[in-house]
Amino acid sequence: MQALPTGTSAVLEATPSNLISGRKTVTVAGTPVALATSTPILGVTIKALRTNTNNIYVGGATVSSSTGLVLRRGASVSLAFDNLADIYINADTSGEGVTYLAVNT
């Protein structure tokens, strides 16, 4: 993914027309889990569950507490991305997780 030059903005080439929502938990803390099976998307918002007691980490297939974007309880992040299967979460505590809302065409 290439960074945009300063002062520019991204334009979606396709108009979102379908919502995909889900919930994903980490069964064993310290083990990365994909948000979903292969699901084409244009973007996604990921929100840490309000019931979590510890941090969630968002990143790629090897996401960990030292490499992921940290989401505290109730925090969220929005990403322009092309497939839910390429986004992983990890957790400090087993059984904690996220909800997500994605758009696709």
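Asn18 stands opposite Asn104 in strand E8. The exercises start from this pair. The model is predicted: local features need pLDDT of at least 70, side-chain atom pairs count only at pLDDT 80 or more, and totals for chains, interfaces and linings use all residues. Residues are numbered from 1 along each chain as its sequence is written, and side-chain values use heavy atoms, with hydrogens and water left out.

**Exercise 1. Find how many helices and strands the protein has.**

Step 1. Helices (H or I, at least four residues) and strands (E, at least two) are DSSP runs, numbered from the N terminus.

Step 2. Count. The protein has 0 helices and 8 strands. Along the sequence the pattern reads β-β-β-β-β-β-β-β.

**Exercise 2. Work out the strand order of the open sheet of 4 strands.**

Step 1. Decide what pairs. Two strands pair if DSSP finds at least two bridges between them.

Step 2. Follow the pairs. The order is E1-E8-E3-E6, and the pairing is antiparallel.

Step 3. Strand E1 (18-25) and strand E6 (76-79) each pair on one side only.

Step 4. Return to the opening pair. E1 and E8 (residues 97-104) are antiparallel and share 8 bridges.

**Exercise 3. Name the residues that Ile56 faces in E5 and in E7.**

Step 1. Take E5. Strand E4 (residues 56-59) is joined to strand E5 (residues 69-71) by 3 bridges, and they run antiparallel. The bridge partner of Ile56 there is Leu71.

Step 2. Take E7. E4 and strand E7 (residues 88-91) also run antiparallel, with 4 bridges. In E7, Ala91 stands opposite Ile56.

**Exercise 4. Decide whether Asn104 is buried or exposed.**

Step 1. Set the limits. Buried means under 20% relative accessible area, exposed over 50%, partly exposed in between (1.4 Å probe, protein chains only).

Step 2. Apply them. Asn104 has a relative accessible area of 12%, so it is buried.

Step 3. Look for a polar contact, a pair of N or O atoms within 3.5 Å; within protein, one must be able to donate a hydrogen and the other to accept it, and residues adjacent in sequence count only if both atoms are side-chain atoms. The side chain of Asn104 reaches the backbone oxygen of Pro40 at 3.2 Å.

Step 4. Compare Leu101, also placed in E8. Leu101 has 44% relative accessibility, so it counts as partly exposed.

**Exercise 5. Describe the surroundings of Thr39.**

Step 1. Locate Thr39. It lies in the loop between strand E2 (33-34) and strand E3 (43-48).

Step 2. Check burial. Its relative accessible area is 18%, so Thr39 is buried.

Step 3. The Thr39 side chain reaches the backbone oxygen of Thr37 at 2.8 Å.

Step 4. List contacts (heavy atoms within 4.5 Å). Leaving out residues up to four places away in sequence, Thr39 touches Ile20, Asp82, Asn83 and Leu84.

**Exercise 6. State how many residues the largest nonpolar core has.**

Step 1. Define the core: buried Ala, Val, Leu, Ile, Met, Phe, Trp, Tyr and Cys residues joined through side-chain atoms within 4.5 Å.

Step 2. Count. The largest core has 20 residues. Those with the most contacts inside it include Leu84 and Tyr100.

Step 3. Name the elements. E3, E4, E7 and E8 give two or more residues to this core.
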